[in-house]
Amino acid sequence: MVFCHAISGPMCLEDMSKALVNVAFPLPLKQAFSYAVPAELQSTIQIGSRVVAPFGPRMMTGFVTEFPARVEIQELKEIQDVLDIEPAIIPEIFELCQWLSEYYLCSPGEAFRVSVPASLLRASRQYVQVVTADPGGEAALLEKSAPRQAQILRYLGRVQRISVAELKRRMGARGLLSSIAQLHQRSLVSVDQLFSRSTIKPKVVKFVALKRTKPEKDFAEVAAALLARAPVQAACIRHLLESGGKALRKDLLQQCHASLSTLNSLVGKELIEFTEKVELRDYYGATTGAPPARIKLNSEQEAALQTIRPAIERQRFKTFLLLGVTGSGKTQVYIEAIAQTLRAGRDAIVLVPEISLTPQTVHRFRAYFRDQVAVLHSAMSDGERQDSWLKIKDGGARVVIGPRSAIFAPVRNLGLVVVDEEHESSYKQVDSAPRYHARDVAVVRAKLANAGVILGSATPSAESYHNARSGKYSLIELTKRVNDIALPQVTIVDMRKERRMSGTREELIFSRLLAAKIDEKIALREQIILLLNRRGFSSYLKCRDCGFVEECEQCDITMTYHLSGRRLRCHYCGFSKQAPSACAICGGSDILFQGLGTQRVENALHEKFPRARIVRMDQDTTSGKMSHDRILSDFGKGRFDILLGTQMVAKGLDFSRVTLVGVINADIGMLIPDFRSSERTFQLLTQVAGRAGRKDLEGEVVIQSYSPDNFCLECAQSHDFKKFYSEEIVDRHKLNYPPFGRAVCIHFRGEDEQLVESAANEYAYLLKTISGPFQVLGPGPSPVARVKNNYRYQILLKSDRSKDGSGQKTRDALKKGLAYFESKPKFKGVRVTVDVDPASNA
């Protein structure tokens, strides 16, 4: 790590353990910055602590990375404040972030940023509150051994709650933070954060309670006396008596039709009092439900658990690949392994793809592990996410469930990590640094913690299955569904023939077979899932007269037509405009709506099956809070016959009455120029097929395609992962793609196309002059060459794992390229990003 120095007044310091500190800010800056630490902060500051420090003209929150013994400069600025009693980043996560920075070539600050809630990076104030019922008595006990703690406790006994900054102003800074930390460890005070640049405040629940200065009998007499002249007040007293003397204020007001002035009158008569309690927010609320019935594992599940158990009991790092067909009971194996981990005194993290994080998933885990479960995901508000994170950090939750970022949950005694659907591309962060893959980070974190890892999938990635076959991972297989339920029968329909027989030139939505099957299932009151992995109404608009196609003004991509509001939208930059009624070039009015989207299929379903109850699930219908959950809940309760959606409907769903799955167009994504396109298509089709016939009713799958002879469709039809892998791995080996080679994609973008192209060419030339175990492909324009008026070029690097197993030589070459690029002022208008192990080469 490179270090810079924040310069201010004269200072020469060395050999003082905490007088100097290096700080990393959550910015794309490879270096950390050195600061002096005021004496009054030295007792509290630790590695991983958040600090407020001057950075240019502003104050910023950064993370302490090191206490250097000496700095070769005489002028340093000072840290302004330490924000944590205990470091925000625990030691294990600190070490993980250091690896993340090195492997994914991001800055240390960017790695630290992804490991904490965004709210912790804002300016904040700490508050301390007395929690002991007898602060005066506790202070007396501490008077001789810890007089500073006793002084603080006595003062808090008078004020109850105060900001640490205000307490420092009133009592002086000497020994304050260390004393508060010790009082916190003794459970005499609590410490919480209030974030001043956000709406995040503690969730306060307000109560009303009877003042226990009178016996219950007297309160009953008071209520009777009030009945004639103040009946609402009397009702409030009676309600409190019936509620055990205490009730939520909002419930009391609603039940008794009272107002705040009514309650204030009772306070004035010293009959009631107001109390408050800070509660942690929970996105899913009280979703524990009844304890589940004991499930007896089948022989394959039991054998899987027996294979995993020794790693848990011996606290030994080991990675298992659990390859189980859809419906084989992988989740129950996870649950039993987690239960074993908790009995061993250790904690667990369960990663699931974002689209699979459904109420079904959360309810199932909470049914087993009750309030020990905490959830982290992007749909949460800042307050909900912050409260879940704090609950985990304080040890209040022992099982963490979430998408990729949950791998950074501050679990202190990690014993097991589960990565469900480990093949999912959503585990890869693509939008901003660090561009990590949560599956791979999970393995590294487990190694640091001497924990076990279970990677589960019916269609594992080629990389994971190769690791299992080579002995790096331990392979466990579940070859049959629970209760020996048969896998669904899959039929592939040749849409070329269907179109010829229909006699139409228009794009066909439903084959005769799929339409007949939908009719049949509706008549039987069974349910149907339909997949089309493209939202909107039509993928583009085309003028029949001149051939003009509407494209985004800011991107080199066609605009998608959305029926709602009759608008054209770009799914890359978000630009939208009103759909034209006439061609912008020739003025013709014969506009062709080309390509299928979920909105268009929904319209066609209503026309063809007017009796059917249909719900659509895509990004357009799930943008609201809990909307994703409500759709699935209603479908599960039988309020809809057909669930139509994008890949959201393909994974993690378990509905007993779904007996038909239809794939409207299996060709979407199959012909993309990307080495993973066949693998993704096979995985998606196999996963969605697995939604059918999961309980007592037999399942059927109809896949419509204009390329029915494609090998990945053939393998999906027979649910044969190993057959697909054996063919796919041969092509990967020939082309030195993962798992045999390591891929790195270097992206260049900027508003000046010539400058972007020039930067890409110079970077590629430099890499080609370095003698390294890699091949340089490109540069060339990205598949979508312009987004948001930024031109995009890319270079693909393929390294040979047999010559550079860890990838260190390749990373060293990339660092040289980045250093060269940053040293050239002429490329100031070009931004370069490096994506190690990209999810796609397109």
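## Exercises: finding your way around the model

The largest nonpolar core has 114 residues, and those with the most contacts inside it are L351, L643, I746, F748 and Y763. Such a core is a set of buried Ala, Val, Leu, Ile, Met, Phe, Trp, Tyr and Cys residues joined through side-chain atoms within 4.5 Å; buried means under 20% relative accessible area, exposed over 50%, and partly exposed in between (1.4 Å probe, protein chains only). Helix 15 (residues 438–449) gives the most to this core, with 7 residues. Helices (H or I, at least four residues) and strands (E, at least two) are DSSP runs, numbered from the N terminus.

This is a predicted model, where local features need pLDDT of at least 70 and side-chain atom pairs count only at pLDDT 80 or more, while totals for chains, interfaces and linings use all residues. Residues are numbered from 1 along each chain as its sequence is written, and side-chain values use heavy atoms, with hydrogens and water left out.

### Exercise 1: the cores

Find the residues that F748 is in contact with, leaving aside its neighbours within four places in sequence.

*Solution.*
- Step 1. Contact means heavy atoms within 4.5 Å.
- Step 2. The partners of F748 include V756, A759, A760, Y763, Y791 and F821.
- Step 3. Now look for a second, separate core: it has 38 residues, among them V23, L27, L156 and I180.

### Exercise 2: helix 5

Work out on which side or sides of helix 5 the residues V164, L167 and M171 lie.

*Solution.*
- Step 1. Helix 5 spans residues 164–171, and V164, L167 and M171 are buried there.
- Step 2. These residues are on the same side of helix 5, because they cover an arc of only 60 degrees around the axis; the arc is that of the directions from the helix axis to the C-beta atoms.
- Step 3. Check the ends too: S163 caps the N-terminal end, with a side-chain oxygen 3.0 Å from the backbone nitrogen of E166, and G172, whose phi is positive, near 90 degrees, follows the helix.

### Exercise 3: cysteines

How many disulfides does a search of the whole structure find?

*Solution.*
- Step 1. A disulfide is a pair of cysteine sulfur atoms within 2.5 Å.
- Step 2. The search of the whole structure finds 0 disulfides.
- Step 3. For C236, the nearest cysteine sulfur, that of C256, is 4.3 Å away. C236 counts as buried, at 0% relative accessibility.
- Step 4. For C570, the closest cysteine sulfur is in C552, 3.8 Å away and too far for a bond. C570 counts as buried, at 4% relative accessibility.

### Exercise 4: strand 16

Which strands run parallel to strand 16?

*Solution.*
- Step 1. Two strands pair if DSSP finds at least two bridges between them.
- Step 2. Strand 14 (residues 347–351) is joined to strand 16 by 4 bridges, and the two run parallel; here A348 has V399 as its bridge partner.
- Step 3. Strand 15 (residues 373–375) also runs parallel to strand 16, with 3 bridges, and A374 stands opposite V400.
- Step 4. In strand 16 (residues 399–402), V399 and I401 point one way, V400 and G402 the other way, and all are buried.

### Exercise 5: positive phi

L105 and N483 are not glycines, yet have positive phi. Is each one buried or exposed?

*Solution.*
- Step 1. L105, with phi of about 55 degrees, is in the loop between helix 1 (91–103) and helix 2 (108–114). L105 is buried, with a relative accessible area of 10%.
- Step 2. N483, with phi near 60 degrees, is in the loop between strand 19 (474–478) and strand 20 (489–494). N483 counts as exposed, at 68% relative accessibility.

Definitions and conventions:
A polar contact is a pair of N or O atoms within 3.5 Å; within protein, one must be able to donate a hydrogen and the other to accept it, and residues adjacent in sequence count only if both atoms are side-chain atoms.
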